[in-house]
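Hi,

Here is the structure I said I'd pass along.

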Amino acid sequence: MANHEPTIPLSCPVGFNERYTIEAGDTMFKIAQRYNINVATLVAANQHIPNPNLIYPGDIICIPSVPTPPTTAQETIVLATTTSTVDTGLLEFLLPRFESMTNFKVDVRSVGSGEALALGEKGEADVLLTHAPDAERELVDQGIVTNYQQVMHNDFVIVGPSSDPAGIKGSTSASRAFQGIAKKQAPFYSRADKSGTNLRELEIWSKAKIEPSGPWYIRVGKGMAETLLDASKGQGYTLSDRGTYLAMSRNIDLQILVEGDPMLLNIYHVMQVNPEKFPNVNAAGGKAFVEFMISPETQRIICDFGKTLYGQSLFIADRIQC
């Protein structure tokens, strides 16, 4: 646009200290790919852009600082983790710090908690960061994982369209809200991927004494960010962790309708895959990552993460007072 006045940020949030001038053909998605971050995080860091789908040559956006490459060769560790730690951008803040402090480079496998735990069960990951406590404890009891540590928590929320056809807004009971959705047969988008979120969703349906089925119950089979996008497009309901919802909130047309039920508490643990069971795992790297995640310095970062971009923390650290 010939008459477009370039949009320029007054300041950039922590971790996005570099500035990039938009060129012809650029999109937020392409830039996010270029800098190996998710688009929701990039959009959230650039709230001076009124519409992230409309950026013009000459506009200036904040991009993440490129970490200084290590001077020595690094060993690789495989981290299998739930999608929310990636979709919220948390790992993008933490991993450069971990890699600069240690001799380990992290290969992230971002999957649902169920699949992450399955990778650990097969010895195909060195360390796990998940939010499915019941399934995690099974692996602890079997000796498949060790050094099991609680890291942080947030909560699940039931989100849906502002029109709220099932009339669940303001309910303090997740199971009663699900009963209302089923009775109305309003569209509900399930991750259906054995993730921690999906497992909690199924627990809520069970408590509601409902086995969801029919065309209104849509099995997405994708991660949380993609499920939120699908639910927004279809103006339906879904269960989301609060962090990913906040990270995606500028890109979706869904509101938080139900929150506060103790059943919606969402706890994250980190754990090593046991080297005595799987001698080929990187035991030193797994141990280093666990210690990094529970260290006071990392816990303080978790406490503050999200305040600048979203006005509130996306996670509550569990080993220090936030």
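Predicted model: local features only at pLDDT ≥ 70, side-chain atom pairs only at ≥ 80, totals over all residues.

Pocket first. The second largest pocket holds about 250 Å³ of space. Its lining is made up of 13 residues, and Ala132, Pro133, Asp134, Arg200 and Glu203 are the ones nearest the centre. Sorted by type, the lining has six nonpolar, two polar and five charged residues. Helix 6 (133-141), helix 8 (196-207) and strand 11 (265-273) each put in at least two residues, with helix 6 giving the largest share at five.

Now the rings. The count comes to 13 aromatic pairs. Take Phe16 and Phe93: their ring centres are 6.1 Å apart with the planes at 45°, so this pair is tilted. Phe16 sits in the segment before strand 1 (18-21) and Phe93 in helix 4 (residues 90-101), so the contact ties together parts 77 residues apart in sequence. Both Phe16 and Phe93 are buried.

Helix 4 comes up again with Phe98 and Phe289. Here the ring centres are 5.3 Å apart and the planes are at 80°, so the pair counts as edge-to-face. Because Phe98 belongs to helix 4 and Phe289 to helix 11 (residues 283-294), this pair links parts 191 residues apart in sequence. Phe98 and Phe289 are buried too.

One more for your viewer: Phe178, Phe188, Trp205, Trp216 and Tyr217 make up one aromatic cluster.

Cheers

Notes:
Residues numbered from 1 in each chain as written. Heavy atoms only, no water. 1 Å grid on protein atoms, 1.4 Å probe; cavity = no way out; pocket = protein on both sides within 12 Å on 5 of 7 lines; lining within 4 Å. Points joined across faces, edges and corners; volume = space filled by probe spheres on them. Helix = DSSP H or I, 4+ residues; strand = E, 2+ residues; numbered from the N terminus. Nonpolar A, V, L, I, M, F, W, Y, C, P; charged D, E, K, R; others polar. Phe/Tyr/Trp six-rings, centres within 6.5 Å; stacked < 30°, edge-to-face > 60°. Buried < 20%, exposed > 50% of the residue type's maximum accessible area, 1.4 Å probe, protein only.
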